[in-house]
Amino acid sequence: MAPHRVGLWMYQNSGGTEIERKIVSKLNERNIEAITGLDLNHASAHNGSIFCNGHVMEELDLFFSYNAGQQGPFQVYLYQTLSSMIPTINNYSAFELTEDKFRTAHRLKTYGIPTADHIVCNKNNIEQLKEHLRFWQGTAICKPVNGWGGRGIIKLESERDLDLLHPYISQQDSPQFYIERVIENDFTDYRIDVVDNKYVACYGRKAAPGSWKTNVTSGGSVMRREPTAEVVELALKAAKATGLEVAGVDIIYDIEHQQYVVLEVNGIPAFATPDQEQAGLDFNDTKISYLVDLIERTVTQGDSTKPELFATEFNPADLAASSSSLVKDKIL
């Protein structure tokens, strides 16, 4: 029997099955047993333990959850509890933060990382929203604070659009209304993958003709893109600020202010699909290698590592030396 056991819940479509097989194989090579298919939607908790598919979850050395498409409220609910008992990747504190677009943007602003100007307020405080719309010359992006894939994102072209949208927003359960300033850009973005504070890969997405959304689920397409040292360092800082061990950082270039801006930090960035790999996005093996290294280091640290230590504080001065050397190694 392997001295360490980790649990996995991995997406299976778009090449996920093969990714999972490689992760399991590499973990086994390091004498770490991997138990797959641990969907917390099938779990229950009683007598101080969480049970899933016949396994006592807190007896695992680590749990790795990586399935955005099938993630639901009950799974997240148990994920929070489990993360207080054993190490999880991503740690729940960082995962919860980055599931919320406002809280993520607020954290980035706090640490001086360029992100979209935004306002969040009570959904019934429409006059405050209108004031910001006027300041932003009548246009803004309305977003739900959670969700992914561009769902529910609406472009406001005038105050009238806000008036038309407000009755719908008022009926939603969420108490807040969140809008962002429209950033002038070329309708492409950078996606930087980061694992364990290391640069993994860079690629881009391009909006479909006539659209402004770069998300693939909204019609955008993936393209190869060469990273720059500035973009990579910005992504490393954003991942560090949020505390994510595994992150996908979305960055666009703000033409008006002539700077790169972090739009989102994602806790479950997909691996390259088989079609994307054939098109030249060949970062999967690097990402798997870094991930397995992270898992091995975490489980072998044993009792010296507690879950609450994973969400580390971000120190910009601390990062400068390490990120510069990483960029030099990977880019220059």
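**Hairpins and rings**

In the hairpin of strand 4 and strand 5, which has two residues between the strands, Asn53 takes a positive phi near 50°.

Modeller: First, the ground rules. This is a predicted model, where local features need pLDDT of at least 70, side-chain atom pairs count only at pLDDT 80 or more, and totals for chains, interfaces and linings use all residues. Residues are numbered from 1 along each chain as its sequence is written, and side-chain values use heavy atoms, with hydrogens and water left out.

Colleague: Which residue is the bridge partner of Cys52 in strand 5?

Modeller: Strands are DSSP runs of E, at least two residues, and helices runs of H or I, at least four, numbered from the N terminus. Two strands pair if DSSP finds at least two bridges between them. Here His55 partners Cys52. Two bridges join strand 4 to strand 5 (residues 55-56), antiparallel.

Colleague: How many aromatic pairs are there?

Modeller: Rings of Phe, Tyr and Trp (its six-membered ring) pair if their centres lie within 6.5 Å; planes under 30 degrees apart are stacked, over 60 edge-to-face, the rest tilted. The count is ten. Phe63 and Tyr79 have centres 6.3 Å apart and planes at 75°, so they are edge-to-face. Tyr203 and Phe283, at 5.7 Å and 5°, are stacked.

Colleague: Is Phe63 buried or exposed?

Modeller: Buried means under 20% relative accessible area, exposed over 50%, partly exposed in between (1.4 Å probe, protein chains only). Phe63 is buried, at 1%.

Colleague: Where does the charged end of Lys198 sit?

Modeller: The test wants NZ of Lys or CZ of Arg within 6 Å of the ring centre and within 35 degrees of the ring normal. Lys198 sits over the ring of Tyr290, 4.9 Å from its centre.
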